[in-house]
Amino acid sequence: MQIIKVKNYQEMSDKAAKLLIEQVSLKPTSTVCFATGSTPIGMYKNLILASNNNQVDFSKMLTFNLDEYIGLAPEHSQSYQNFMHKQLFDQINVNSQNIHFPSGVGDITQNIENYNQVLENYSPLDFTILGIGTNGHIAFNEPGCDFESQTQLIDLTNETIQSNARFFDDINDVPKQAISMGIKSILNAKQIILLASGKAKAQAIYDAIKGPYTTKCPASALQVHGNVTFIIDEEAASLL
Ligand code: F6R
């Protein structure tokens with residue numbers, strides 16, 4: 001496990017973007033798994049800038065995403081698919097045929113099977129970007145999750161629903177379930193970076209890095225991965 005401590009959100013975003021640009025420059029057909037949420041937005045802005053300046057070519061990159069809300073169609077303003085298009089995909093030269101997403105509408109059992117099949121076809125993914133929840137979740141794998149899990153249907157905890165309510169008009173509009181890559185599927189990636197910024201993440205970062213390997217902190221599963229880099233700012237690192 002490598003830990004890169006940076007000063008603030010901007011430096012975290014710069015470092016993370018640089019690592020992905022290096023990856024895609026070395027291997028244009030890289031398979032990359034993206035996260036949503038507030039944390040990677042700065043990184044994505046840097047990727048857009050680099051793409052606009054022709055510093056990197058994303059046209060052959062294959063993209064995947066960690067998760068999607070149940071019941072939100074891709075066009076819904078708060079779906080993760082919509083988020084990725086707005087925050088990144090529509091502003092770089094990624095080929096729309098190379099974008100893969102778990103679907104949160106229709107037959108969920110079938111969707112889970114389909115996404116596991118997609119991940120298996122491209123296994124192992126080259127590069128995965130993670131954020132972390134204040135409760136230590138990665139993707140939507142909440143405390144108490146199964147470390148052997150693949151893509152699955154998840155009941156979101158109240159903490160996660162409350163934390164994500166900031167994106168919705170009303171907390172009652174936040175979906176109660178999600179389809180999410182499991183811990184086993186996430187750990188299958190060759191290289192993983194986890195980004196964290198701000199005091200609210202300090203305890204989760206401490207538990208993930210210094211705490212025991214336990215399902216009480218899903219991110220502690222990363223302790224057994226051979227190529228994981230935590231890029232964390234001073235506040236997120238404040239309890240280490
Ligand atoms: C999103 C995801 C989540 C977030 C986490 C942190 O695809 O997988 O695990 O990374 O909830 O969210 P932010 O970055 O909004 O604090």
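Guide: Start at Ser103, in the loop between α3 (80-87) and α4 (108-121). Helices here are DSSP runs of H or I with at least four residues, strands are runs of E with at least two, and both are numbered from the N terminus. This is a predicted model, in which local features need pLDDT of at least 70, side-chain atom pairs count only at pLDDT 80 or more, and totals for chains, interfaces and linings use all residues. Residues are numbered from 1 along each chain as its sequence is written, and side-chain values use heavy atoms, with hydrogens and water left out.

How open is Ser103? Its relative accessibility is 27%, so Ser103 counts as partly exposed. The scale is simple: buried is under 20% relative accessible area, exposed is over 50%, and partly exposed is in between, with a 1.4 Å probe and protein chains only.

Now its surroundings. Contact means heavy atoms within 4.5 Å. Setting aside neighbours within four places in sequence, Ser103 touches Ile108, Asn111 and Ile179. The side chain of Ser103 also reaches the backbone oxygen of Val105, at 3.3 Å. That is a polar contact: a pair of N or O atoms within 3.5 Å. Within protein, one atom must be able to donate a hydrogen and the other to accept it, and residues adjacent in sequence count only if both atoms are side-chain atoms.

Next, look across to Ser180. Ser103 and Ser180 are 77 residues apart along the chain, yet their C-alpha atoms are separated by 9.7 Å. Strand β7 covers residues 177-180. It pairs with β6 in the antiparallel sense, over four bridges. Two strands pair if DSSP finds at least two bridges between them.

β7 sits in an open sheet of three strands, ordered β4-β7-β6, with antiparallel pairing. β4 (67-69) and β6 (152-155) are at the edges with a single partner each, so one side of each lacks a neighbour in the sheet.

Go back to the loop between α3 and α4. Phe34 lies in strand β2 and Phe89 in the loop between α3 and α4, so the pair ties together parts that are 55 residues apart in sequence. Phe34 has 0% relative accessibility, so it counts as buried. Phe89 has 3%, so it counts as buried too.

Phe34 leads us to the other sheet. Strand β2 (residues 31-34) runs parallel to β3, joined by four bridges. Thr31 stands opposite Leu62 in β3. β2 also pairs with β5, in the parallel sense, over two bridges. There Val32 stands opposite Phe127.

β5 (residues 127-130) shows two sides. Phe127 and Ile129 point one way, Thr128 and Leu130 the other, and all are buried. In a regular strand the side chains alternate between the two faces of the sheet. Four bridges then pair β5 with β8, in the parallel sense. Leu130 has Leu194 as its bridge partner in β8.

Six strands form an open sheet, β1-β9-β8-β5-β2-β3, with parallel pairing. β1 (2-6) and β3 (62-65) stand at the edges with a single partner strand each, so one side of each has no neighbour in the sheet. From one strand to the next, the twist averages 20°.

Methods
Axes are lines fitted to C-alpha atoms, for helices over the stretch in contact, and angles run from 0 to 180 degrees between N-to-C directions.
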